[in-house]
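Please look over the sequence and the model below before reading on. The briefing that follows takes up selected residues, helices, domains and cores in turn.

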Amino acid sequence: MSDYAELVKPDQVHTSLYRDEAIFDEEQQRIFEKTWIWVAHESELPNPGDFITTYVGLKPVIVNRDKKGVVRVMLNKCRHRGATVCEAKKGNAPGFLCPYHAWTYSQDGALRGMPLPKGYKDFDKSDYGLIQLRVESYNGLIFATFNEEAPSLDEFLGRAKPWIDLFMKQGGGFPVKTMGEHRFTFPGNWKIQLENTTDAYHFPVVHKSFLTSLDGDTEELFSFMNDGGFVEDLGNGHSVLVMIPSLVDLDENLDEPIPERFADLAKSLEGRYSDLEIRRICRAVSGAGFNVNLFPNLACSMAFFRVLRPLAVDQTEIRHIAIGMDGGPDEANQARLRLHEHFQGPMGFGTPDDAEAWERVQRGSHAGDQSWIMLNRGEDKTDDNPGDVTAETGMRAAYQMWERMMSA
Amino acid sequence: MSGNNTMQDAIEFIWAEVDMLDHGEFQDWLKLWTEDGKYVIPIDQDAPDFENSLNYAYDDAAMRDMRVRRLTSGQSMSATNAAKIMRTVSRFRLLKSDDPNVITIRCAQNLVEFKYEKLRNYPSNVTYVLVKDGDTFRIREKIVRLINSQGALAGMTFLL
């Protein structure tokens, strides 16, 4: 085991964190198998039997809702010879059947039966259900962990919870639902991406081509370098980056004029919704003015969920999950889909430039053992300091949590 | 134009269109479209309604225009350092031509990109709806269904 305190200083980290395979393996055990990992949003599992397949760290899992309505997260692995029992990305299933020797499991993971059971002596089926993870959820966000000793999700999220509540207001009076995702990989370490959603400093540089493609008012909104934004350490590696303070609470200022760019949307809703509902929908349609970064794998980022998954020390998968208004007007959800496509995804106006920058960081990390990453920019927001939108507070918070978990 | 000649003309039009994309002649490419033309790169290839689905691209004229400006502006670090690309298009099949002025064609496209020592393939089924315009065509719809559209892609610095 490395001396992690030597590699993570308060204001800089060593680049071996991006490229050392032994560190990567240890991260899997000490972080991804020890803490709460986001696995799904409740809107992905509205009905009993609904499931998705995903990963906790490197391990394949099924997330489903059983017939009693309980959300379960189970290792996607037959107890007999270890084949995956489900390869569909999502669906509705009465249970799971291993294709190899036809062992069958019910929705709650219990082993229901297998062919020719007489071949087993002293065999208690109840010992051989699918392996279950601990599951807890907060405001629609479902998390799982392998660690029975981990603190409750409530305690783990702590001061991030009010920010999650604010983020979910972009349902505009409706519950938030997922609406599909852009999934892509980049050849770099997962922490490079973890840093990025707390990094306002890169925005005007990397995303210049996105900014110039916007209408004047929207470009103005994204020119947040001197607009009172800040980054705040929320504890346990979580942080919030507030870029557009006027869009923190989407239930406030509903009496302000509807921005010109949403005038057509507002007009098309007239007659079907009340004036207040229309104002709420239009204010929520472009998302919140902040990113809540939840260590280690989720960011509730302005108008979408950013989910990262480490694949190898130098390979990371990112999903940008679009979200919308469940039961809300089609026009509003179409507007959200188009906004998502505009910035996100492998053909978006933002993501490919981010991915290029992250790949360059990984390539640069091979430039020798003396190389350190600077995290010393800007002042933290505290009770008596308004902070700085470009402060690297969120990265400092995440790496301090990383160091605590890796050294524990 | 009629019968086989229309098909042959349409194939030559499509070859010219993709040749423009491979060679970065984007301003000429923008002129190939009808005003209401849609350029769609879906994620869910069987989605009944692309407008109500998340796509990689769902572009009207304004969005195509912005896309071209982004690729050529020098402001995008990935586009400035764009991959080298080349594609072949073949296996043309006439799907529909009941209106003599409108022709629907499906073809196979294989695009290869090279960047950072890596060669990647982007195979797709492409469906064109072409509208006759004098002795040439305009594109009313181009839908590019990547065979790995549900897979994890990498940043694209080109147009499919």
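Which backbone nitrogen does the side chain of A:Gln362 reach? The side chain of A:Gln362 reaches the backbone nitrogen of A:Asn189, at 2.8 Å. This is a predicted model, in which local features need pLDDT of at least 70 and side-chain atom pairs count only at pLDDT 80 or more, whereas totals for chains, interfaces and linings use all residues. Residues are numbered from 1 along each chain as its sequence is written, chains are lettered from A and ligands numbered from 1 in the order in which they are written, and side-chain values use heavy atoms, with hydrogens and water left out.

- A:Gln362 has its place in helix α13 (residues 351–364) of chain A, where helices (H or I, at least four residues) and strands (E, at least two) are DSSP runs numbered from the N terminus.
- With a relative accessible area of 4%, A:Gln362 is buried; buried means under 20% relative accessible area, exposed over 50%, and partly exposed in between, for a 1.4 Å probe and protein chains only.
- Once neighbours within four places in sequence are left aside, A:Gln362 is in contact with A:Tyr18, A:Arg19, A:Pro187, A:Gly188, A:Asn189, A:Ile192, A:Val313 and A:Asp314, contact being heavy atoms within 4.5 Å.

**Domains and cores**

- The domain assignment of chain A gives domain 1 (36–145) and domain 2 (158–407), with bounds that come from an automatic or database domain assignment.
- The C-alpha centres of these two domains of chain A lie 32 Å apart, and 14 residues of domain 1 are in contact with 20 residues of domain 2.
- The largest nonpolar core has 75 residues, and those with the most contacts inside it are A:Leu141, A:Trp163, A:Phe290, A:Phe305 and A:Trp402; a nonpolar core is a set of buried Ala, Val, Leu, Ile, Met, Phe, Trp, Tyr and Cys residues joined through side-chain atoms within 4.5 Å.
- Helix α14 (residues 393–407) of chain A gives the most to this core, with seven residues.
- Because domain 1 and domain 2 of chain A both give residues to this core, it lies between them.
- Another core, of 46 residues, lies apart from it and includes B:Met20, B:Leu30, B:Phe92 and B:Leu160.

**Helices of chain A**

- Helix α14 of chain A is mostly covered, 12 of its 15 residues being buried, and among these are A:Thr393, A:Arg396, A:Tyr399, A:Trp402, A:Glu403 and A:Met406.
- From its first C-alpha to its last, α14(A) reaches 21 Å, close to the 21 Å expected at 1.5 Å a residue; the expected span of a helix is 1.5 Å times one less than its number of residues.
- Helix α12 (residues 330–343) of chain A has 14 residues that should span 20 Å at 1.5 Å a residue, and its end C-alpha atoms are 20 Å apart, which agrees.
- Buried residues of α12(A) include A:Ala332, A:Arg336, A:Leu337, A:His340 and A:Phe343, and just after α12(A), A:Gly345 takes a positive phi of about 90°.
- In helix α11 (residues 275–284) of chain A, A:Ile278, A:Ile281, A:Cys282, A:Arg283 and A:Ala284 are buried, and what covers the buried residues of α11(A) includes α10 (263–269), β18 (315–325) and α12 of chain A.

**Cysteines**

- A search of the whole structure finds zero disulfides over all chains, a disulfide being a pair of cysteine sulfur atoms within 2.5 Å.
- A:Cys78 is buried, with a relative accessible area of 3%, and its sulfur is 3.9 Å from the closest cysteine sulfur, in A:Cys98, which is too far for a bond.
- A:Cys300 also counts as buried, at 0% relative accessibility.

**Two strand residues of chain B**

- B:Lys142 is found in strand β6 (residues 136–146) of chain B and is buried, with a relative accessible area of 0%.
- A polar contact of 2.9 Å joins the side chains of B:Lys142 and B:Glu17, and another, of 3.5 Å, joins those of B:Lys142 and B:Tyr128; a polar contact is a pair of N or O atoms within 3.5 Å, of which, within protein, one must be able to donate a hydrogen and the other to accept it, while residues adjacent in sequence count only if both atoms are side-chain atoms.
- B:Lys142 and B:Val40 are 102 residues apart in sequence, yet 6.2 Å apart in space, C-alpha to C-alpha.
- B:Thr127, in strand β5 (residues 118–133) of chain B, counts as buried at 10% relative accessibility, and its contacts beyond four places in sequence include B:Leu95, B:Arg106, B:Lys142 and B:Arg145.
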